[in-house]
Amino acid sequence: MEKYDKIPENLIPKIEKLFENHWRVDFTVEAVFEGQTGQKIKIFTDDGQDPQVVQILRDGYTIFAGNTKIPAAELLIKNLPVNYYIMPSGQDWIELANSVYGDRLKTKTRYSFSNDEISQDNIELLIEAHPQKESCRLITLDEAKNMSMHKINKAHFMNFESPEHFMRAGFGYGIKKQGEMAAACTSSLVCKNGVEVNVITLPEYRQKGYAFLCALKFLRHSLQNNLYANWDASDEMSADLAKKLGYTFKDEYKVYYID
């Protein structure tokens, strides 16, 4: 099995072909093909010259593509990391996972949204009306470095090599309280078509409207820079925030994990 931190250029056309019919709910595939690397991003293929199967991993999530009938496909499934969700990967991959794990294969519902109906004028109005609008600012490099050492906030940078890499390739908005980043909305994946939205609020600061304000300023920044801000919700709380921001619900779908 071949392992990469970044897809070699000579393999990109062949691996892209494996994803031709892939149903995409986020920017993982696009970002990886365009060269995004990170602490938790890994790519596995069965062959370094003519790959028939591929697995993309990023922090907590994995995607499979290719021919499930060859032994390498089953090997990839058997080596699935603990606590990783299988994102949409083709029904044949789910059937293979089910044949390997049986009743241990569980499902979780996620929610997909569109930002096509979001109005920049409305975003501006919501920001202006927020009583703490001045407390939310663009994250600096020093703040990113401090966040990367925090047990919770470090998750903002798992798809980047370092805080410096995040600052070069991505961006984020945060609110500091008592010297720490209480809430932040950042770009977890970046590609030419847009960014993947990541929102984290520390437990002691939740239910105060911080996440909403951070997401508003993140959205304004995205719209101003012609970036599609993709919102893929992992739970109903995230889905409710998306709706509050003006996102339109598209669909719910299942991801899979090993119990």
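Which element gives the largest share of the lining of the largest pocket? It is strand 10, with 6 residues. The model is predicted, so local features need pLDDT of at least 70 and side-chain atom pairs pLDDT 80 or more, while totals for chains, interfaces and linings use all residues. Residues are numbered from 1 along each chain as its sequence is written, and side-chain values use heavy atoms, without hydrogens and water.

The largest pocket holds about 1100 Å³ of space. A pocket is an open set of points on a 1 Å grid over the protein atoms alone, where a 1.4 Å probe fits, with protein on both sides within 12 Å along at least five of seven lines; lining residues have an atom within 4 Å of a point. Of the 34 lining residues, Asn198, Val199, Ile200, Thr201 and Ser238 are closest to the centre of this pocket. Strand 10 (194–201), helix 8 and helix 9 each give two or more residues to the lining; helices (H or I, at least four residues) and strands (E, at least two) are DSSP runs numbered from the N terminus.

Two of these elements also pack together. Helix 8 (residues 210–224) meets helix 9 (residues 236–245) at an angle of about 55 degrees, with 11 Å between their axes. Ala211, Phe212, Ala215, Leu216 and Leu219 of helix 8 make the contact with Leu241, Lys244 and Leu245 of helix 9, where contact means heavy atoms within 4.5 Å.

Technical notes. Axes fitted to C-alpha atoms, helices over the stretch in contact; angles between N-to-C directions. Points joined across faces, edges and corners; volume = space filled by probe spheres on them.
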